[in-house]
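Me: I'd like to learn how to read an interface between two chains. Could you walk me through one?

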2 protein chains.
Amino acid sequence: MNKSPFTLINGVAADSVAVTDRGLAYGDGLFETVQLRAGRPLLLDLHLERLRSGCERLAIKSPTLFDDLQSDLEHLARLCSMQDFGVLKILVTRGAGGRGYLPQVGMAPTRIVIVSVMPDYPHSPAQAGVRVRWCDMTLALSPRLAGIKHLNRLEQVLARSEWDDPDIREGLLCDTEGFVVEGTMSNLLWVRGKVLHAPLLDRCGVAGVVRKRVLQLAAAAGIEVLEGRFGKSELEQADEIMLCNSLIDIWPVVTLDARHWSVGPVTRALQSLLAKDYLAC
Amino acid sequence: MNKSPFTLINGVAADSVAVTDRGLAYGDGLFETVQLRAGRPLLLDLHLERLRSGCERLAIKSPTLFDDLQSDLEHLARLCSMQDFGVLKILVTRGAGGRGYLPQVGMAPTRIVIVSVMPDYPHSPAQAGVRVRWCDMTLALSPRLAGIKHLNRLEQVLARSEWDDPDIREGLLCDTEGFVVEGTMSNLLWVRGKVLHAPLLDRCGVAGVVRKRVLQLAAAAGIEVLEGRFGKSELEQADEIMLCNSLIDIWPVVTLDARHWSVGPVTRALQSLLAKDYLAC
């Protein structure tokens, strides 16, 4: 399947945005990447909840934004066959026009929804596990922007540019103080002594929707969850390591630079719980 | 004068960019804001030098980019009357297409050049001086992105959103460690005991073109220049404070929250040196 993406901008089929859009000028906006399974967006409520929280944090205000996005999604489903696609990207910017950093009062946000095919993830990474590396890039501490999925992503671009070996599937990042945070495109969880460890994302990083769901599912299954600040050595002493995001679901980590792990039972249990949850949601 | 902006995108008159542009998706690009005086771009060489340095830092590679930009500016001058405008904005992104944070090899950067009228700065701020405030927002430490004028500007948007009193012309920012850095849209310089002080911009902030030129002019005029890390109280004990950027030139600060200054002799001397330099460049 090599179907071209299909895009609605402010409810209209289009493929370009105004050059004056603040999303381009300043990265003044937010996005969500949602998995489509048989045309159905997975965990859509959690994605929209994070988007809403991001809009509040950036003071992107529109009384009709979320109703309009709902209409966009319905419109999209009438215009194209959602089953043909694997990814729904939702992008909201503060809107077009004005100049200077001060947002104009009453700007209409720009809404962009795009469906595209699923990226190719060869060699069954969810089953076989993946090889990852430490990045040299560090994430800056920015509590006002931490957690939300905003459009200022140069740190991720630079970090992801550190390697081009396709066998290395992800790079892991620490913050500028040396605490482990996440991957360039995924969140990071690990197990040590039956406890599921998750780095806090209150100073940097993206609070992933799948991360949130997996932590809920783990807690409901009686697995102890510990969110905190951890150093590299704590991660490297883990019994099991995993990555998660909305497209990859959960990937076990089997190689981190020169260290190796087997895929462990908690990772398999969480993969299974998430798969069941997807069937229900 | 209320003339509409005129825009060239990749050399063609246009007003929209591809929705797949990485400038929009990730803020993966750079910009320059250049003052036009009688149609002539001021300090253009310094702007292009910073843009080139930004492209190197972000690994935005194109052997023809700067020749193409030169052609764009010549083309622009043929298509519209540059004398009618006061501002030239140059924006370069890594280009359109691909997906995920990893840049594709051989992407063609997107070039955008826009001319527009000068913003309105009422009440002769360069002459009378301006009122400014401290921002609550702090700038994150990000050495890999410091100094260059990239498109990830949410910190500036949030900082500028802290006030809407039009009598307050700028907000001053410290980094997350409490060192004074810059204004939301300008660089900050001050004089104490005949020494011109300038915050280092190696961990955050934008290394302004006018800042650079003013420091050169000051040094050439025998004024001692000290770049370093300074706290709020060091700024507040200054004899003279000034802001500079490519559109405002140099504005004296006469009020910072509850403190007041007169416009001092070094500020006036630097304004005069910069004005003469503009005539020569």
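Reply: Gladly! Chain B and chain A bury about 4200 Å² between them, 66% of it on carbon and sulfur atoms; buried area is the accessible area (1.4 Å probe) that two parts lose on being put together, summed over both. B:Leu24, B:Tyr101 and B:Leu154 supply 19% of the area that chain B buries against chain A, more than any other three residues. This is a predicted model, where local features need pLDDT of at least 70, side-chain atom pairs count only at pLDDT 80 or more, and totals for chains, interfaces and linings use all residues. Residues are numbered from 1 along each chain as its sequence is written, chains are lettered from A and ligands numbered from 1 in the order in which they are written, and side-chain values use heavy atoms, leaving out hydrogens and water.

Me: How many residues does each chain bring to the contact?

Reply: Contact means heavy atoms within 4.5 Å. Here chain A gives 55 residues and chain B gives 55 residues.

Me: How many salt bridges are there between chain B and chain A?

Reply: A salt bridge is a side-chain nitrogen of Lys or Arg within 4 Å of a carboxyl oxygen of Asp or Glu. The count between these two chains is 0.

Me: Which strand of chain B does β3 of chain A pair with?

Reply: Strands (E, at least two residues) are DSSP runs, numbered from the N terminus, and two of them pair if DSSP finds at least two bridges between them. Strand β3 (residues 16-18) of chain A pairs with β3(B) in the antiparallel sense, over 3 bridges. Within β3(B), B:Ser16 stands opposite A:Ala18.

Notes
Helices (H or I, at least four residues) and strands (E, at least two) are DSSP runs, numbered from the N terminus.
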